[in-house]
Amino acid sequence: MRAETVLERCDELATISSSPEHLTRVHLSPEHRAANDLVDGWMRQAGLSTWQDAAGNLVGRREGREPDLPALVLGSHLDTVPDAGRYDGMLGVLLAIAVVERLRDAVLPFAIEVVAFSDEEGTRFGNALLGSRAFAGTWDDAWWELEDAEGLSLRDAFVDFGLDPARLPGAFRRPEEFVGYLEAHIEQGPILEEADRRLAVVTSIAGARRFELILTGQAGHAGGARIERRRDALVGAAEVVLEVERVSRERGVIGTVGRIEAEPGGVNVVPGRAVFSLDLRAEDDAARDAAVDEIVAFARDVSGRRRLDLDVHELYRADATLCDPGLRAAVEAGIRSTGDDDPLAFWSRAGHDGMAVAAIAPVAMLFLRCGGGISHAPEESVRADDVEAALAAYEATVRELARTR
Ligand code: GLV
Ligand code: MN
Ligand code: MN
């Protein structure tokens, strides 16, 4: 299979969206089902036996030179952020299927599984990696009570999707079932483009924490409420947003406030409540945690000065994940086979399913360049010749692992 087919499939997948204007596809939605159905057909065409597991992940398997050998897993995710691009996650799944197709006649010392994870982004329920954490068996039953924006619980969403929460442990996998986990993904940043290179090997994946912060003051009349007496929650939030940027610069961590709501939301009403998100990442967990502590302490100070109440809820936490040296070496050999003698190596600022899978298998990642480093936006783009190179490197990586096992 060639890059053009992979890219055509990305285009086709991008039509499965909850909105006609932009691409949004979230966990346990009708679009999740439609995407699984479409990709299931491509997996079967590639010679994989498929099933949807008890967490809504789509899995395809091909046996190795004898049945029931441990598997090399090639994976990524099919869910998206709101108003997404068409390559984050999807490209990794479709490259994996293309690699399996290219290896159709190879006799391998391991089985191959391709996994299309159901929820990497956490768009719907706030907590990310729900698909891959189920796969890894690191599920926390407290998550059943997570709610989406409509107040529907994760438990009820499972049932609506046709899954039985009581059967979730059927999705849990064990370390002895695996040789390792590989994921191909667009870089989602500018390093490759700036270096004028196509591919890179990932050294580690940044640890991330996500929070919801709520500041509560007093709503009031935009004309009548005196400035000096106001308990304006949005102005307090604005101070915190700026502090997130300042701390990020000063400490070399990556902080983002991606969502903010002011309530009640009238043009002539002083905001009585502000609800906003915080996403904080760093290569090193201790640096990330120190930044979180500084920001939360600042938010407490703001709440005191402005007579606001502050609530902080941690929604998601994933610690930094080191890529496995043996798998990394195979990815580097794969990249070298494309004519790049000195593969770039750097850490991923973005989160990936491999962070969850690392609990049960060694993991490694192959990055490919994306246009302008842009991702999590509809302008996400890749070059067909880079996708071709990624495909060749990915196939060569699997062949290298087969050769050295
Ligand atoms: C996932 O894409 C993340 O890093 O937020
Ligand atoms: Mn993403
Ligand atoms: Mn992704």
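A residue is called buried here if its relative accessible area is under 20%, exposed if over 50%, and partly exposed in between, with a 1.4 Å probe and protein chains only. Arg-210, at 18% relative accessibility, therefore counts as buried. This is a predicted model, in which local features need pLDDT of at least 70 and side-chain atom pairs count only at pLDDT 80 or more, while totals for chains, interfaces and linings use all residues. Residues are numbered from 1 along each chain as its sequence is written, chains are lettered from A and ligands numbered from 1 in the order in which they are written, and side-chain values use heavy atoms, with hydrogens and water left out.

Arg-210 is placed in strand β7 (residues 207–216); strands (E, at least two residues) and helices (H or I, at least four) are DSSP runs numbered from the N terminus. A polar atom of the Arg-210 side chain lies 3.0 Å from the backbone oxygen of Glu-121. Such a polar contact is a pair of N or O atoms within 3.5 Å; within protein, one must be able to donate a hydrogen and the other to accept it, and residues adjacent in sequence count only if both atoms are side-chain atoms. Leaving aside residues up to four places away in sequence, Arg-210 touches a set of residues that includes Glu-121, Asp-279, Arg-281 and His-313, where contact means heavy atoms within 4.5 Å.

Arg-210 is also one of the residues around ligand 1, together with Glu-120, Glu-121, Arg-281, Ala-350, Gly-351 and His-376; a residue is listed if one of its heavy atoms lies within 4 Å of the molecule. From Gly-351 it is a backbone N or O atom that lies 2.6 Å from an oxygen atom of ligand 1. The protein covers 93% of the 200 Å² of accessible area that ligand 1 has on its own, with areas from the Shrake-Rupley method and a 1.4 Å probe; for residues, only the protein chains shown count as cover.

The aromatic residues come next. A search of the whole structure finds 8 aromatic pairs. Trp-139 and Trp-143 form an edge-to-face pair, 5.2 Å centre to centre with 80° between the planes. Rings of Phe, Tyr and Trp (its six-membered ring) pair if their centres lie within 6.5 Å; planes under 30 degrees apart count as stacked, over 60 as edge-to-face and the rest as tilted. Trp-139 is buried at 12% relative accessible area, and Trp-143 is buried at 11%.

Phe-346 and Phe-367 form a tilted pair, with 5.9 Å between centres and 50° between planes. Phe-346 lies in strand β15 (residues 344–348) and Phe-367 in strand β16 (residues 363–368), so the pair ties together parts that are 21 residues apart in sequence. Phe-346 is buried at 9% and Phe-367 at 1%. Elsewhere, Phe-117, Phe-135, Phe-178 and Tyr-181 form one aromatic cluster.

Trp-143 leads on to Thr-138, which touches Trp-143, Arg-133 and Ala-359, not counting residues up to four places away in sequence. Thr-138 lies in the loop between α4 (130–136) and α5 (154–161) and is partly exposed, with a relative accessible area of 35%. Thr-138 and Val-357 are 219 residues apart in sequence, and their C-alpha atoms are 9.2 Å apart in space.
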